[in-house]
Amino acid sequence: MHGASWRPGGSYLCLSFYECLVWGGLRGRSESLAEVGFPFLLALQSVLGSLQLLDAFGPVYYPMVHRATRTVRFDLGINLLAPLLVLLVLWLGWAVWESRLRALFLVSLGLLVYPFLGIEGSLSAVSLLAAASGLWFHRRLEEFFTGVFALLGGFEALALFHWVFFVPLGLSSPLEGVAWVEMGLFYLAAYLAPLLVLPLLFMWILKPLLRWGLGKGKR
Amino acid sequence: MTIKLSKPGALLIFSISLGIISALYPYSPAINPEGKGVGVDIHSYVDYVHSAEIVEKDISQAFRVSDGSRPVIFMLIYGFQGVTGSDAFTAVKFLPIILNPLMIAASFFLALQAFGDEWVAAWTAFFTACGYQVTVGMYSYFLTNMLALSLAFLSLGFLFRSLRRDCNTSLSLASILGVLLVFTHPWMSNQYGATTILTIIISYNRTRKKKGSYENTKRTLLYIASLGLSDLAKTLLLHGSGAISASSTVISNISSLPEFWLDSIFSFRLRFGGTLSVFILVGLAVLGVYLSGFGEFSEIYFTIFLVLTSLLFPIGDKVIKSRLLYNVPIGLFAAIGMSSLSRWKFNDNFKKFFILFVVLNLTVYLFRSLANLV
């Protein structure tokens, strides 16, 4: 017998034992790769999309540089459009394969941002919506956050290498841009610190209130 | 003979090493080619040392400098000069080589005695090493405050140990270290002493209701009495700045409530170069405080500490706000949060990458802050 037919949706007809083994193995491997890789793809979209969105907004922060407080506008220094587009194409492949029309519609809403933030902003918004809808349908939150922290950890490791190797030795650092972006993210997150200190100090009021509220909710 | 190092032990050693490196890093030739002093108060300390004529080996001058509020730090500087044979500026410049690791080790000891958990203690050491107590301490050169934190942590650690083990030796050590605290930083001894008094009252009420033994209450009363008597001796006999005069400086820095938000933003965003705003550390501390109980004496103590701090925080000006926060054992609360998170049922890869991210983020914060002190 010769020739194998491939039906949409993934089922197939094996014509020989050897062909079954090969195609079955490849299909199995590609499916498990997709299972493992998809949350990581969403994590990459989220991280890169967030960075590009911040770049599009250009928020101001106040870092201490050489003991002086400066006013700096957030700037990535590079354009992430190409990697975001590649990730979006991969995501579209998933959406088409799984026939997720609602996800496609939701993601297209990100294009509404274009008149206000331009191509960078709208692509970032589309990427973040794609990641959110992918998570909604896929529901692999732990793997997603593992990917997020792995990416951020790698980013921090590069910044650390700048500060502990290049800076004390007075060498010209190829990682200075990474360190600068990392500093920007720190000082942007620092806006939340005065808010976080309040629950830290007033937890003795908040905790009984939360327990009372949650207890009421359960009843 | 092989020595096995546990993972918490390795984290402790790493944290202490970071403390020592933190004292030297801002003086690396590429960062600070002129070897300038990095802290705001460094020259004040050098001036105090010169004015006290400690160089002429008159150690009693330590009780006259700075209104006699902090003799212990000047004796430490004097001792450091004696051991290293250095001048006043060099001694003050490199004193953090002792103070940073001391504070980190003391925080480890406190957490171990308070919770009996090696991982909580090791994380406390790490979060102290990479937290704002080192960075703000180096920025402002809060040498006295850092020494006071070390003494407070050690003193409390021995107190908790004596209560758990009925050990008089630990109680004696707690009292001696508490007395040293009074002679180091009266503001901090007020903050920690007031907390101890309120904790005794609550502990006594609980014991009365349960009809239990008052042994712990008696020990803690002895402890607070030793602090009170030493403060009286400092004020009356040595004419030093004690608890009452320290409290008056706090009251004179009361701000109005409408200025709360502006003062907060200034304290976090601008004061100390924004190094107080460690989002991840404070976030973990919030989780730690939420998960803390109110059963053990140590848990009651730390809750009361936050209650008292929270009562003064809204009305203190930007200086008081930042100093109150500086004295909070933030590393301990963050360690409770971190230890709890690592015990929750997440998959191993998630935990590993989360922990790695937190460790790297805070280590970058430490080195970046230190590199920008000059």
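This tour goes from chain A to the interface with chain B, then to one residue inside chain B.

The model is predicted, so local features need pLDDT of at least 70, side-chain atom pairs count only at pLDDT 80 or more, and totals for chains, interfaces and linings use all residues. Residues are numbered from 1 along each chain as its sequence is written, chains are lettered from A and ligands numbered from 1 in the order written, and side-chain values use heavy atoms, without hydrogens or water.

**Stop 1: chain A**

Select chain A and colour by secondary structure. Along the sequence the order is α-β-β-β-β-α-α-α-α-α-α-α. Chain A has 219 residues, and 37% of them are buried (under 20% relative accessible area, 1.4 Å probe, protein chains only). Its accessible surface is about 12,600 Å², with 71% from carbon and sulfur atoms (Shrake-Rupley method, 1.4 Å probe). Now look at contacts (heavy atoms within 4.5 Å). Of those in chain A with a separation of 6 or more, 59% join residues 24 or more positions apart.

**Stop 2: the interface**

Show both chains. The contact draws 57 residues from chain B and 45 residues from chain A. About 4,700 Å² is buried between them, 74% of it from carbon and sulfur atoms. Buried area is the accessible area (1.4 Å probe) lost on putting two parts together, summed over both. Select Tyr290(B), Arg368(B) and Asn372(B): they supply 15% of the area that chain B buries against chain A, more than any other three residues.

The largest share, 14 residues, comes from α18(B).

**Stop 3: Leu154(B)**

Move to helix α8 of chain B, residues 143–165, and select Leu154(B). Is Leu154(B) buried or exposed? It counts as buried because its relative accessibility is 19%. Beyond neighbours within four places in sequence, Leu154(B) contacts Leu102(B), Ala106(B), Phe109(B) and Leu177(B). Finish with a distance label to Gln113(B): 41 residues away in sequence, 9.6 Å from C-alpha to C-alpha.

Definitions and conventions:
Helix = DSSP H or I, 4+ residues; strand = E, 2+ residues; numbered from the N terminus. Buried < 20%, exposed > 50% of the residue type's maximum accessible area, 1.4 Å probe, protein only.
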